[in-house]
Amino acid sequence: MKTLARIIRRVLVIALVAVIAMCALTVWRGYGMYREALAGRPISQTVEELRATDTYTELDELPQTYLDAVVAVEDHRFYEHGGIDPIAICRAAFNDLRTLSLREGGSTITQQVAKNLFFTQDKHFERKVAEVFMAFDLEARYSKREILELYVNSSYFGSGYTGIGQAAPGYLGCDPSDMSDYECALMAGFPNAPELFAADPQAADSRARVVVLQMEKYGFDPGDAAS
């Protein structure tokens, strides 16, 4: 029995060392991906290119209901964290390990801006690590309002629309500033599965209802969208 116990302990130690080595390698590769992205396109240049697009929409032009809806459904601790949300990451890591997938990412709004501006949408661990490094850089350079503005202008809404400045006229036939409370909830939910919601109005409506529930849960006023 003692011999068996020693073998089990050794196997566990070897497994632990292997996991640590794999994690270290993933972080190293992710950092390399982050450095490569910066070498190709500096942050300030990338942000200015986005701001120079014809449909770029500043936060002051957007209804507060829409901004609250985005924060509530995407990253309700957005104004509290420094780029990453450890609670969301731990929850997502547990669920991903349980399902052996990257289905739940735990990404903050800042990480999503990093992904939208610098990386592909492919899901793999190295890219998630690169997002974290880039998110810290974004938080160091820009205010929360600026980061939120970058998010709503860089998110993909399906049907070829990138940013709320394209999505609101394309889907709703109005400027973003004229969105109703329900339309704010609808548009806030679109980036979660843009192609699905573009093709299935019922699914888009269901997602909008989820957004409203999240707003109520986290203390935001959904206005008429709740009716």
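**Aromatic pairs and charged contacts**

Phenylalanine 118 counts as buried, at 13% relative accessibility. This value comes from a predicted model. Phenylalanine 119 is also buried, with a relative accessibility of 11%. Both values fall in the buried class because its limit is under 20% relative accessible area.

A search of the whole structure gave five aromatic pairs. In one of them, the ring centres of phenylalanine 78 and tyrosine 79 are 5.0 Å apart. Their planes meet at 65°, so this pair is edge-to-face. Phenylalanine 78 is buried, with a relative accessible area of 0%. Tyrosine 79 is partly exposed, at 47% relative accessibility. Phenylalanine 118 and phenylalanine 119 also form an aromatic pair. Here the centres are 6.5 Å apart and the planes lie at 55°, a tilted arrangement. Tyr161, Tyr171, Phe190 and Phe197 make up one aromatic cluster.

Side chains of opposite charge can pair when their charged atoms come close. Seven salt bridges were counted in the model. One of them joins arginine 51 to glutamate 48, with 3.1 Å between the closest N and O atoms. Both residues lie in helix H2 (residues 43-51). They are three residues apart, about one turn of the helix. Arginine 51 is partly exposed at 26% relative accessibility, and glutamate 48 is partly exposed at 44%. A network of salt bridges links Glu48, Arg51 and Glu146.

A second contact, between arginine 145 and aspartate 60, brings the closest N and O atoms to 3.1 Å. Arginine 145 is partly exposed, at 43% relative accessibility. Aspartate 60 is exposed, at 68%.

Aspartate 85 and arginine 77 form a salt bridge as well, at 2.8 Å from N to O. Aspartate 85 is buried, with a relative accessible area of 5%. Arginine 77 is buried too, with a relative accessible area of 18%.

Glu58, Glu61, Asp175 and Asp178 form a negative surface patch. Aspartate 175 lies in the loop between helix H8 (164-172) and helix H9 (181-189). At 47% relative accessibility, aspartate 175 is partly exposed.

Conventions:
Residues numbered from 1 in each chain as written. Predicted model: local features only at pLDDT ≥ 70, side-chain atom pairs only at ≥ 80, totals over all residues. Heavy atoms only, no water. Patch = residues over 30% accessible without salt bridge, like charges linked within 9 Å, V, L, I, M, F, W, Y side chains within 5 Å. Areas by Shrake-Rupley, 256 points an atom, 1.4 Å probe, with all protein chains shown as cover. Salt bridge = Lys/Arg side-chain N within 4 Å of Asp/Glu carboxyl O. Lys, Arg positive; Asp, Glu negative; His and termini not counted. Charge placed at Lys NZ, Arg CZ, Asp CG, Glu CD. Helix = DSSP H or I, 4+ residues; strand = E, 2+ residues; numbered from the N terminus. Buried < 20%, exposed > 50% of the residue type's maximum accessible area, 1.4 Å probe, protein only. Phe/Tyr/Trp six-rings, centres within 6.5 Å; stacked < 30°, edge-to-face > 60°.
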